[in-house]
Amino acid sequence: MKRGPLFLAAALFEVLRFFILMIFAAALGLLSPRPFIPSFIRYIAVGQLLFVAALFFLWLDGERYAVYRPLALTGKALSLAAFIPLALGLAGALGGEGFIPAGGQAAGAAVLLLLVDIFGILVLALYRRPAPATTGGATREGASSAAQRGPDDIEKVEGLP
């Protein structure tokens, strides 16, 4: 099976995005020693690792996991939409008095987060793997029907009625 490198690259960038998100939270002061907030921020941020899993599985077997591609794309689009109020606050902070008292580290992390989100959206929306070469007269439809699709196929393999 030929695997395209862009999904794997996007998955690795998503891992990097998680750490950039933590740097961003620290730059905003959200991870400072408080009784409850730092643990809560980390708990919320772990959900971002689902993008890593989605892109990894699309790299692993794009045909089988293609049905989850629109879901991952929607999640990335929502992530980008949630960035808009944050970007407005950071733009106000760069001009002097702003909504978020953030320094240069927070602005740099925000730009990196934006770039990784845009890269993820582009990969999910535009990247298509080349069709595998057919051998011996087998068609693409015949090859896709040979892949396991669910519990019915498992019962066929195990010989259950």
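**Salt bridges and packed helices**

User: What makes the pair aspartate 117 and arginine 17 a salt bridge?

Analyst: The closest N and O atoms of aspartate 117 and arginine 17 are 2.7 Å apart. A helix here is a DSSP run of H or I with at least four residues, a strand is a run of E with at least two, and both are numbered from the N terminus. This is a predicted model, in which local features need pLDDT of at least 70 and side-chain atom pairs count only at pLDDT 80 or more, while totals for chains, interfaces and linings use all residues. Residues are numbered from 1 along each chain as its sequence is written, and side-chain values use heavy atoms, with hydrogens and water left out.

User: How many salt bridges are there by this rule, and what is the N to O distance between glutamate 14 and lysine 76?

Analyst: The count comes to 3 salt bridges. In one of them, glutamate 14 and lysine 76 meet through their side chains at 2.7 Å, N to O. Glutamate 14 sits in helix α1 and lysine 76 in helix α4 (residues 69–94), so this pair too links distant parts of the chain, 62 residues apart. Lysine 76 also forms a salt bridge with aspartate 117, with the closest N and O atoms 2.6 Å apart. That link runs from helix α4 to helix α5, across 41 residues of sequence.

User: Which residues is phenylalanine 119 in contact with, leaving aside its neighbours within four places in sequence?

Analyst: Contact means heavy atoms within 4.5 Å, and by that test phenylalanine 119 touches Leu6, Ala9, Ala10 and Phe13. Alanine 9 is 110 residues from phenylalanine 119 in sequence, and the two are 9.9 Å apart in space, C-alpha to C-alpha.

User: How do you know what orientation α1 has to α5?

Analyst: The axes are lines fitted to C-alpha atoms, for helices over the stretch in contact, and angles run from 0 to 180 degrees between N-to-C directions. For α1 and α5 the packing angle is about 155 degrees, with the axes 9 Å apart. Under 35 degrees counts as roughly parallel, over 145 as roughly antiparallel, 65 to 115 as roughly perpendicular and the rest as oblique, and α1 is therefore roughly antiparallel to α5.

User: What about α1 and α3, and which way do they cross?

Analyst: Helix α1 (residues 5–27) and helix α3 (residues 50–60) pack at about 165 degrees, with their axes 8 Å apart. An angle of about 165 degrees falls in the class over 145, so α1 and α3 are roughly antiparallel to each other. Their crossing is left-handed, a name given when the near helix is turned anticlockwise from the far one by less than a right angle, whereas clockwise gives right-handed. Residues making the contact include Phe7, Leu8 and Glu14 of α1 and Phe51, Leu55 and Trp59 of α3. The contact residues divide into 11 nonpolar, no polar and 1 charged, where Ala, Val, Leu, Ile, Met, Phe, Trp, Tyr, Cys and Pro count as nonpolar, Asp, Glu, Lys and Arg as charged, and the others, Gly among them, as polar.

Technical notes
Salt bridge = Lys/Arg side-chain N within 4 Å of Asp/Glu carboxyl O.
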